Amino acid sequence: MKSDDERWLLQGPAPQRYEKYKVPRLFRPLAERFLAYVGVRPGECLLDVACGTGIVARLAAPLIKPSGRVVG
């Protein structure tokens, strides 16, 4: 029988596991702190360079609506 670690490593596509486990626990909190620090406002245009998971762009989009724009 496989250990819990082996089952997690082998089940499902890697991007889905990454989104499920890494983004909520690590990248989302960091992205939220970053956006609060930067002070994103409605109407701004943002470029997310090397966007990785896209979590910064996804969280920024609602903050800059309706006239802003995010590109990743």
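**Reading helix packing and backbone exceptions**

Tutor: In this predicted model, Ala 50 is exposed, with a relative accessible area of 76% (exposed is over 50%, buried under 20% and partly exposed in between, with a 1.4 Å probe and protein chains only). Residues are numbered from 1 along each chain as its sequence is written, and side-chain values use heavy atoms without hydrogens or water. Local features of the predicted model need pLDDT of at least 70 and side-chain atom pairs 80 or more, whereas totals for chains, interfaces and linings use all residues.

Student: What is the phi of Ala 50, and where does Ala 50 lie?

Tutor: Most residues other than glycine have a negative phi, and most peptide bonds are trans. Ala 50, although not a glycine, has a positive phi of about 55 degrees, and lies in the loop between β1 (45-47) and α3 (helices are DSSP runs of H or I with at least four residues, strands runs of E with at least two, numbered from the N terminus). The peptide bond from Lys 65 to Pro 66 is cis, with omega near 5 degrees, and Pro 66 is placed in the loop between α3 and β2 (69-71).

Student: How do the axes of α2 and α3 cross, and which residues make the contact?

Tutor: Two packed helices are described by the angle and the distance between their axes. Here the axes of α2 (residues 14-38) and α3 (residues 55-64) come within 9 Å and cross at roughly 50 degrees (lines fitted to C-alpha atoms over the stretch in contact, with angles from 0 to 180 degrees between N-to-C directions). α2 is therefore oblique to α3, the class left once angles under 35, over 145 and from 65 to 115 degrees are set apart as roughly parallel, antiparallel and perpendicular. Contact, meaning heavy atoms within 4.5 Å, is made by residues including Val 23, Phe 27 and Leu 35 of α2 and Ile 55, Leu 59 and Leu 63 of α3.

Student: Which residues form the largest nonpolar core, and which element gives the most to this core?

Tutor: In soluble globular proteins, nonpolar side chains tend to be buried together. The largest nonpolar core has eight residues, namely Val 23, Ala 31, Leu 35, Val 40, Ile 55, Leu 59, Ala 60 and Ile 64 (buried Ala, Val, Leu, Ile, Met, Phe, Trp, Tyr and Cys joined through side-chain atoms within 4.5 Å). α3 gives the most to this core, with four residues.

Student: What covers the buried residues of α3?

Tutor: The cover includes α2, β1 and β2, and the buried residues of α3 are Ile 55, Ala 57, Leu 59, Ala 60 and Ile 64. Ala 60, leaving aside neighbours within four places in sequence, is in contact with Leu 35, Leu 46 and Val 70.
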